[in-house]
Amino acid sequence: MRLYKVRGGIAIPDHKEGAHSPLEELTPPAVLTVSLLQHRGASARPVVKRGELVRRGQCIGEPVGLGAPIHSPVSGKVIEVASRLHPSGFYCESVVIENDGEYVDADRPEGIADPTSVKPEVIRRRVHEAGVVGLGGAMFPTSVKLAPEGPVDTLIINGSECEPYLTCDHRVMLECTEDLIYGWQALRYALGAKRVLIAVEANKPDAIAKLKQATTGMSDVEVVTVPAVYPQGAEDVLIRRVTGRRLRARGLPAEVGCMVHNVATVLAVARALRDGEPLIKRAVTVAGSGVQRAANFWVAIGTPAGHLLDHVGRRDDIRQLIFGGPMMGQSVSSEDVPVIKGTNGLLAIAEDDVLEFTTGVCLRCGWCLDVCPVGLEPYHLARLAEAGEWHEAEAAGAMLCYECGSCSYRCPGRRPLLPLIKLAKGEILREQAAARTRSQTSGGVA
Amino acid sequence: MAASTGSLSNTEGEKKRYLLRPAPHIHSGQSVSAVMGSVLISLVPATIASVILFRWGAAQVIIACLVGAVAGEALCLRFRGRPPSQIKDLSAAVTGLLLALTMPPATPIWVCLLGGLVAVALGKQVFGGLGANPFNPALVARVFLVISFPEIMTRWIAPFDGTATATPLAVSSSLGQAGWRYFLGIHAGCLGETSVLALLIGGVYLLARRIIDWRIPASILGTVAVVSAVFGADPLFQLWSGGLMLGAFFMATDWVTSPYSRLGRLYFGIGVGLLTMIIRLWGGYPEGVSFAILFMNALTPLINLMTRPKPQMESVRQVKERASLTRILVTMGVVSAVSGIILAIFYGAMSPRIEKRRQQEMGEGFRVMFPDAASSEPVDLEERLPNRVNNPVFLVKDKEGERMGIAYVTTPAGFQGDITLAVGLDGDGKHVVAVQVLAHTETAGLGSKITEPDYLRQYERKPISDEFVLGKDVDGISGATVSATAVADGVRDSARAVVEALDINPADGVSEATPSNGR
Ligand code: SF4
Ligand code: SF4
């Protein structure tokens with residue numbers, strides 16, 4: 001299959017030490033903290049109260065507007081509905097559940113053996129009810145992506161897993177191949193797409209072989225080996241790579257007839273439809289220099305980070321915890337921070353490997369410009385951010401930044417490029433919001 | 001499955017707080033000092049080559065420039081209230097070493113120290129330090145020194161033996177058989193402009209480490225080769241001399257003073273190549289690389305503006321515009337490549353004829369000295385002539401076809417540059433018939449007296465076996481002894497060499513050399 005050229009990108013040592021550790025079932029802890037912010041949009045509204053008994057799979061949070069419902073990962077008692085640390089670093093309303101160790105299931109909808117036997121709306125509804133969101137990290141409600149704005153001819157399954165260290169998607173592709181086939185057939189049917197492209201990075205030859213073998217004879221499905229270049233998994237990069245189609249500035253994939261779903265999401269869709277199982281657990285990689293071994297677990301949503309560390313064995317000198325990969329992951333202050341739907345990895349970093357924050361000077365080498373997949377000028381954006389020139393930064397394309405971090409990674413001057421660009425983005429968003437309120441209030445007066 | 005109690009035990013006691021850092025949490029490992037270290041490593045071959053060639057004369061220049069630059073950096077950091085640890089970024093050392101490689105060997109130590117200081121202080125720190133300077137600091141210092149001390153900065157010595165000599169670009173314009181000597185660097189010149197091989201090793205190392213972008217050296221060297229081929233200069237000689245290799249791989253590629261984008265770097269390199277050749281071919285200054293690079297440094301902000309990348313996710317309309325722009329660029333590239341090739345082929349076909357014409361014209365010119373001559377005939381004596389006598393030598397014939405004279409051009413070194421002399425000998429090669437000064441760069445009013453016909457008349461009918469010693473059998477010029485001596489020695493040495501090369505037996509005056517029409 002023909003691959004297309006995409007600008008920028010970097011080769012990073014992949015550190016996929018966990019690639020050969022099979023997924024292990026992780027026993028949920030005694031207390032779980034289920035955040036009510038597990039999707040793009042506003043926090044869900046809790047539908048359980050303190051002291052209430054819940055069963056596994058029972059809905060405990062209803063979305064307000066855009067979003068997806070949230071379910072209890074275990075059976076037990078709600079100890080508290082309160083503010084708790086979230087992987088984003090903020091406090092969010094959460095439901096704290098004491099695990100009774102019984103795992104009594106709530107009523108589940110009946111499974112669908114053949115997804116093409118039901119109407120697409122049924123699939124969409126079931127995916128929504130099961131609380132499925134994009135598990136690649138974006139946590140965008142999957143059911144919304146099943147009702148695209150335009151016709152979709154190509155469904156792309158993102159198995160690139162380009163972040164170093166992370167291996168959970170890799171293991172899912174190896175161990176849950178049949179589930180994935182069911183999942184993408186359902187998605188393809190619901191979208192009316194003509195073909196399915198499964199994009200896997202070249203550094204996972206076993207997954208590619210397994211998928212190829214499992215899909216032989218499927219004329220509308222193709223396993224595509226994409227180069228192991230970061231950020232291969234970024235939606236725009238992937239679409240461009242396998243179809244050559246370009247997105248409009250901040251446009252949606254459906255505008256170019258594409259839809260991208262992460263393999264973990266496809267698995268969640270399959271379980272929701274075939275088994276009627278809501279999204280209450282996911283595959284998570286635990287790795288980094290601060291743990292004894294790199295491993296992959298099935299983790300109940302709401303499990304605190306410390307519980308995962310206990311199971312791989314920690315070293316004394318862990319100084320940093322990262323939710324996600326080393327490029328885009330969030331550094332958190334405490335190991336009480338729970339796994340949420342978008343958590344694909346937990347990295348524990350030993351003292352010596354913590355990257356110090358530096359504010360070097362720009363040497364004008366142009367490397368950041370060379371590696372930026374969007375074609376931005378990170379050195380320029382960073383300089384504008386330092387000067388507080390938010391409007392200029394917006395005009396220079398700051399809002400187009402994926403936040404992939406390639407520029408920071410590559411910069412020999414060790415400038416904090418991405419942090420500065422994020423700062424600018426935050427300020428631009430704030431100004432936009434302020435402008436909206438202003439126009440609304442003035443409208444009210446008039 | 002039962003609930004694990006593992007984390008319960010962990011919730012007890014003091015909770016550990018982890019460090020918060022912004023993403024990304026890993027880095028490529030590159031840093032200013034690592035990059036500067038690589039540049040220093042890449043300069044090691046050229047440094048060693050210069051010390052082998054020029055011995056202590058080179059070593060002293062290198063040490064003095066390094067000391068000057070690092071001391072300058074330390075002083076500036078102190079005055080600017082910056083942490084002195086910034087010296088560890090090695091950028092001052094790189095500047096010092098690069099400056100050393102642009103200096104003539106055996107330059108006085110104080111000049112080198114001053115150069116290092118100027119490079120760092122005026123070239124870099126006044127603009128705000130590393131990353132903020134618009135011009136290459138080493139070249140700023142070099143130009144400063146060349147303008148301030150023109151005589152010291154053009155004092156060349158020959159490799160190995162250290163005798164005074166001239167630099168190649170001022171002497172000749174083609175490699176001839178001496179190509180390998182240039183490649184290895186066995187000729188006079190700046191420390192780092194001599195050994196092409198050593199510079200290439202360093203350049204390839206930097207390219208392999210991806211520290212410099214191949215677009216800059218490739219476009220500079222390509223442009224110089226094409227321009228010199230089109231205008232009839234020896235491309236290999238143009239590439240291998242005058243510090244072009246040093247400039248293309250180590251000066252023009254300086255990150256801070258070259259464009260950000262890859263396309264911009266291509267433009268930048270082409271600009272440097274063009275300017276270098278313009279200065280070399282039509283300017284008064286044989287070595288144009290430094291000025292060319294500095295000039296393009298000044299244009300870098302403009303190039304950056306012109307070549308700003310367009311974000312990938314443009315609207316459809318923008319994509320179309322971009323495509324048409326690409327098409328224009330491709331068309332322009334193809335057109336210029338094709339016209340370049342045509343010009344090169346045309347020149348290749350024409351050059352023998354052009355050369356013949358030129359020789360005929362020169363032969364005609366000599367007839368001024370021999371008013372009775374009927375024809376002249378060039379003789380190719382390439383290998384038999386010393387460096388400073390131009391090939392071919394012309395045999396001047398009378399109506400009967402008898403040889404009545406010998407004429408040639410020689411370029412002895414004068415006080416400030418070469419003096420180009422046309423010399424006529426009689427048919428037997430025993431006497432000088434006439435001497436004319438065709439070109440010189442001697443001091444106006446003093447050295448320039450050598451051009452006066454009254455002064456030159458003394459050479460007419462002078463036997464070449466004379467001593468040609470100033471004040472003895474040749475008149476001197478007060479205040480211009482060097483110029484006058486250069487002419488006297490130049491006439492004597494060249495006349496004897498030409499007569500010997502022509503194998504004229506003074507007894508019977510018959511030439512055994514085979515006349516040819518030149519190459
Ligand atoms: S973080 Fe943003 S600016 Fe930097 S390389 Fe990625 S997309 Fe470009
Ligand atoms: S990579 Fe760093 S040093 Fe190089 S241009 Fe970008 S910001 Fe400047």
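Begin in chain B, in the loop between α3 and α4 (109-121), where you will find B:Ala106. Helices and strands here are DSSP runs numbered from the N terminus, with helices being H or I of at least four residues and strands being E of at least two. B:Ala106 is not a glycine, yet its phi is positive, near 65 degrees. Its relative accessibility is 38%, so B:Ala106 counts as partly exposed (buried means under 20% relative accessible area, exposed over 50%, and partly exposed in between, with a 1.4 Å probe and protein chains only).

Before going on, a word on the model itself: it is predicted, local features need pLDDT of at least 70, side-chain atom pairs count only at pLDDT 80 or more, and totals for chains, interfaces and linings use all residues. Residues are numbered from 1 along each chain as its sequence is written, chains are lettered from A and ligands numbered from 1 in the order in which they are written, and side-chain values use heavy atoms, leaving out hydrogens and water.

Now step back to the loop between α2 and α3 (91-101) of chain B, where B:Leu90 sits. B:Leu90 also has a positive phi, about 70 degrees, without being a glycine. With a relative accessible area of 28%, B:Leu90 is partly exposed.

Next come the peptide bonds. In the loop between α1 (6-11) and α2 (32-79) of chain B lies B:Pro24, and a cis peptide bond with omega of about -10 degrees joins B:Ala23 to B:Pro24. Over in chain A, A:Tyr230 and A:Pro231 are joined by a cis peptide bond, with omega about -5 degrees. A:Pro231 belongs to the loop between β11 (221-226) and α6 (235-243).
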